[in-house]
Amino acid sequence: PVPAEAGQEDEGSRCPLLQARRRAAPTAADPQPAKLSRAELYKPPTSEELTQLKETEDLFHSSLLRLQIEELLKEVTLKETKKKKIDAFLHEINNLLGAIPETPETELTDQAWLSKDVKVPFLQVPFNVKGKFHFVPPAELKVVGSYLLGTCIRPEINVDIAVTMPREIFQDKDNLNQRYHRKRALYLSHIAQHLSKEKLFGSVKFAYMNSNHLKPILLLRPQGKDEKMVAVRLHACPSSGLFKPSRFYPSKNNVRTAWFMEQSTPKEGMAWGWGSMGLFPPTPHYNNSILCDTVMLSHLHFLSNAATDFPGMKDGLALLKVWLNQRQLSKGLGCFSGFLVSMLVAYLLMKRKIVKMMSGYQVLRSTLQFLATTDLSVTGISLAKDADPSLPVLDDFHQAFEVVFVDPSGLVNLCADMTASKYHQVQFEAKCSMEILDDRMVDGFQVLLMTPKPMLRTFDHIFHLKHVSKLQGTCKKMQLLNELMDRGGNYVAAALPFIVSLLARGLSRRAQLVAHSLPQTPEWPIDAEPPKHKDVGPLTFGLLFVPEFAASTLEKGPQADHPEALEFRSFWGEKSELRRFQDGSICEAVVWEASTVCQKRLIPEQIIRHLCGLLHVLSVCPQVWETGEEAMVSVVCSYDDLSRKLWNLKELPLTVTAVQGVHPALRYTDVFPPIPVKPIYSFHDRRKHLLLPSEEKPCPAYITPLKIICHMEGSGQWPQDKGAIKRIKAAFHLQLAELLRQQHQLVCRPAVTHTDVYKDGYVFRLQVAYHREPLILKEVVTPEGMLKYQDTEESRQLELETLHLPYLTSSLHGLQQQHPVFGSTSRLAKRWISAQLLSDSISEECVDLLVAFLFLHPAPFIPPSSPQVGFLRFLNLLATFDWKNNPLIVNLNTGLTGEQEIKNKFVAARSRLPVMFLATPKDQWSSMWTRERPSAQILQRLILLASESHRALEELLMDPLSDQDVKMVFRPPLDFYDVLIHLNPNQIPRQLESVDQPVKSASRGVVKNSSATNILFPVVDYDPVQLYLQELRDAFDDLALFFYDKHGGEVIAVLWKPLSFQPQPFKVSSMKGRKVTTLNNELVCVPNVEAILEDFEILGEGLVKSVEARTEKWTI
């Protein structure tokens, strides 16, 4: 960390992943493993080894964590060979800087002496300023910061050099009106002009220090392949004793209003609403920026004293910097930089919260613990030792700055640019991290130090301020002239704290955190104009909700006769109104319009638009969608009513002991929940009491049967033969239909394997289950006449349907009650998988469990409170989870304790297990939901699609100026497939579910109706495309794979299997779909592609519109 200046360092945004060292076969040069004698193998451990073992046992959850941390530290520390190269480079820079010629003295505003190839790296607004300038070579050069302390980390190595400007270039009153800052900028410009001619440098550029416009620095990089190795940053600073410190106390003014407003007389300033501050409002940020330059060297000495004899400090700082980088907190204006965290560790050492005996991991824990429990925006801390009565006190700093951490001199606030909101975010992250470190179930290392936390996946809602230039108007409206003067005209920095506190107040009950991105300005070439304030690009705000209150429609204020009521009214404007509540009180209140769940989720958006509308910052565009959440609730209500009726049925020979729903709609995860409908008779063919699809009309709408398992009580009367059990169940299905018709007037249609019941516009499919049936199906008689039990395909399937699926459905139903957006997230995930044509290649239950994992094991995040962030995390999980080496453990109802045991067994039996292994409390070893699918190739494809979709969505959502459509990740790439079968839209029953809805769609023969009772039974579970697909798979399974989007896809994609296209020897038995040809004078069979494509059309006559062969990928 660079004691050079607050926030002196912003190393890598992403820590290098731990590359598992590729252990190649040992060559002659490699050290061979040492052969130890027996005596050496069994010698007692040394005291050092004992200490290490004890420490590992006490501090780390496992010895693995210690090894992981040591490996990470090896990755991020600078190698000795690189250090030597960097030292040589610094030596040459030193020689060059001493040889730069002087210039004659000119007025500050006369900059003609500068070459045309260099532009001054400073926004000179207003341009006119008094003072003279001439260049004299630096009085001294010192390396400051993390490089000397040995605490800089890869991949971005920055070396800071303090270039001391000689005293003779300054005059009295240089502390006023940016004179010092402009001299500093001119000084660096002259250096840049000379160094840019040298062959030594690959690039010479300007940048703002931590994006602060008042502090340009010069970046020098070596040339050739070493250019990426290091960036040397030149900071110009004044010679010691140049300024009187008392001039820069936080309450002092150093920017004159008349100069800043370019007025000759002070009267005109009154228009801006000056008041009691007179014409000399304090300029604490401006003062702080000059003071920072004066204490660079003293900070270096302070930190090097702290780091001597303290090896753990270096390791601890490396870990803390990686932690900050992964959370995007260490770069930009007001960041929590590496320098700041170094000063914090030194503070904890001074206060004896850390001792020099501690290891790096203990330093990390102690620092996070301190951050989690201390709010520097309320109680600041100071490194100044002896209380000098003339120095400003902490209260003075609190009045001037939002976050206070005073340096050893007692003059500089190291957190001057940080907003309270950003500190609260650091605090929140530290709290979460401490919880993760204390949780033995979580791999703390992976989660804290190896997982990046971009804003998009961290926050529930994100919104952007597209054009920050609008903040100029905000500054004027909120009368922030003093802040503008203080920050050198930077309206983004001046307005940001006010905007964030306004939002935090408006969302106080709903949001536990309102955070913002850090404004960042990129570096620029020396011949370009310096970036303007608006060049920081869009500002992003993130909201983390308190799930209970996020969607409440009422904002209850104080009672009407209380003094706070006036303030409440003035804050909410015309939105506030008087209301009488049930307890008789009459209070101010704000009511937000929202009827559906989706609209309630967007109430925070209404609030933000209202508040920002007051500031003229956001433009408004209302949108209304149906999200199907209400439809799902009404399905569940109807199901609850039916299950009560089934329990209370009279005259059944055996009573119903349990009714369990297994359809996804009954666990809130059905992509398109069923809608209550009744059939239009004229649209169908009628046969007695049946309706059938009509050949002349389009295919009727798809009606999904909601499957329910009815468990009947056990009895000695049940037969013990599997054929007889099936007949008894068929009799029960007939009886259930009869009794529901008699006792509850429900329309039923019994079948051998189930009974369909039409109720409230839905169709429920009842299936009777007998608890001993799976056991009876397992019976096998051996040739010796012994009876033994073994799993058969039939018994597995039955257990899945009657035991495991009902348990999973009820567990996930419970999860939905805890996390209201679980269902919507799962539906988005399934819709995406289906849109990628892969819904037949991975089971719905598997996707539900993957999504449940995000809610049950969210670390390092907290469980999602909006479906969008859940969906992004789902894509990220698919793309980044190490499926090959780890099982995904979904701890439903916290029923699992032996997670390590599952992992060990998994490693031992890896080759025999499915490629995607999911373990749940009721299914720890078999991964039943992924046993058959996905295959290894499909999983590879899924991972690729997920990472591409995630990347595309991230770019799209973080770039508010793009006009792209989010739906693009739901449109599959079709160029990958060999044949496309285009379908006739009239015969696709779910056409309305497609991603891009059809412009005109045929009537589907049903109307919305939930109260019809005495009707003819509708056509249920009829989807011609699925039947066609089944025929294709039965016929051509050995030759091709078929892919389809079951939610209204208009194309079936076909992929040839490469192996089946290799010529086979001629056999009469294997001639299906093949033709005979000769190859090297031998008869061989190859697939008869032309005939197969013709078969595709014949099989799908009336359904298939055309078959498109993409022959550029293969030849016929």
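Select Glu799 and Lys778. Their side chains form a salt bridge, with the closest N and O atoms 3.2 Å apart. The term covers a side-chain nitrogen of Lys or Arg within 4 Å of a carboxyl oxygen of Asp or Glu. The pair links distant parts of the chain, 21 residues apart. Glu799 sits in helix α26 (residues 793-818). Lys778 sits in the loop between α25 (773-777) and β25. Helices (H or I, at least four residues) and strands (E, at least two) are DSSP runs, numbered from the N terminus. Both Glu799 and Lys778 are buried. Buried means under 20% relative accessible area, exposed means over 50%, and partly exposed lies in between (1.4 Å probe, protein chains only).

This is a predicted model: local features need pLDDT of at least 70, side-chain atom pairs count only at pLDDT 80 or more, and totals for chains, interfaces and linings use all residues. Residues are numbered from 1 along each chain as its sequence is written, and side-chain values use heavy atoms, with hydrogens and water left out.

The search of the whole structure finds 48 salt bridges.

Move to Glu429 and Arg327. Their side chains meet in a salt bridge at 3.3 Å, N to O. This pair also links distant parts of the chain, 102 residues apart. Glu429 is in helix α14 (residues 420-438). Arg327 is in the loop between α10 (311-326) and α11 (338-350). Glu429 is buried, at 3% relative accessible area. Arg327 counts as buried too, at 3% relative accessibility.

Now try Arg741 and Glu738. The closest N and O atoms of this salt bridge are 3.3 Å apart. Both residues lie in helix α24 (residues 722-744), three residues apart, about one turn of the helix. Arg741 counts as partly exposed because its relative accessibility is 37%. Glu738 is partly exposed as well, at 35%.

**Surface patches**

Select Leu775, Val781, Leu787 and Tyr789. They form a nonpolar patch on the surface, with about 390 Å² of accessible area together. Patches are made of residues with over 30% relative accessible area and no salt bridge; like charges are joined within 9 Å, nonpolar side chains (Val, Leu, Ile, Met, Phe, Trp, Tyr) within 5 Å. Accessible areas come from the Shrake-Rupley method with a 1.4 Å probe; for residues, only the protein chains shown count as cover. Val781 lies in strand β25 (residues 779-781). Val781 is exposed, with a relative accessible area of 58%.

Then select Glu1031, Asp1034, Asp1037 and Asp1038. Here is a patch of negative charge on the surface. Asp1037 is in the loop between α32 (1024-1036) and β31 (1040-1044). Asp1037 counts as partly exposed, at 44% relative accessibility.

**Contacts across the sequence**

Step to Phe1043, in strand β31. Phe1043 counts as buried because its relative accessibility is 5%.

Pick Ala372 in helix α12 (residues 360-373). Ala372 is buried, at 9% relative accessibility. Ala372 and Val426 are 54 residues apart in sequence and 8.1 Å apart in space, C-alpha to C-alpha.

**Backbone details**

Select Val125 and Pro126. A cis peptide bond joins them, with omega about -10°. Pro126 lies in the loop between β1 (106-107) and β2 (132-133).

Go on to Arg933 and Pro934. They too are joined by a cis peptide bond, with omega about 0°. Pro934 is in the loop between β28 (918-919) and α31 (936-958).

Check Gln178 next. Its phi is near 60°, a positive value in a residue other than glycine. Gln178 is in the loop between β4 (158-165) and α6 (179-195). Gln178 counts as buried, at 1% relative accessibility.

Gln479 has a positive phi of about 55°, although it is not a glycine. Gln479 lies in the loop between α17 (471-477) and α18 (481-486).

**Zoom out**

Show the whole chain. The protein chain has 33 helices and 36 strands. Its C-alpha atoms fill a box of roughly 105 × 90 × 65 Å, taken along the principal axes. Of its 1116 residues, 54% count as buried.

Conventions
Lys and Arg count as positive and Asp and Glu as negative; His and the chain ends are not counted. The place of a charge is taken as NZ of Lys, CZ of Arg, CG of Asp or CD of Glu.
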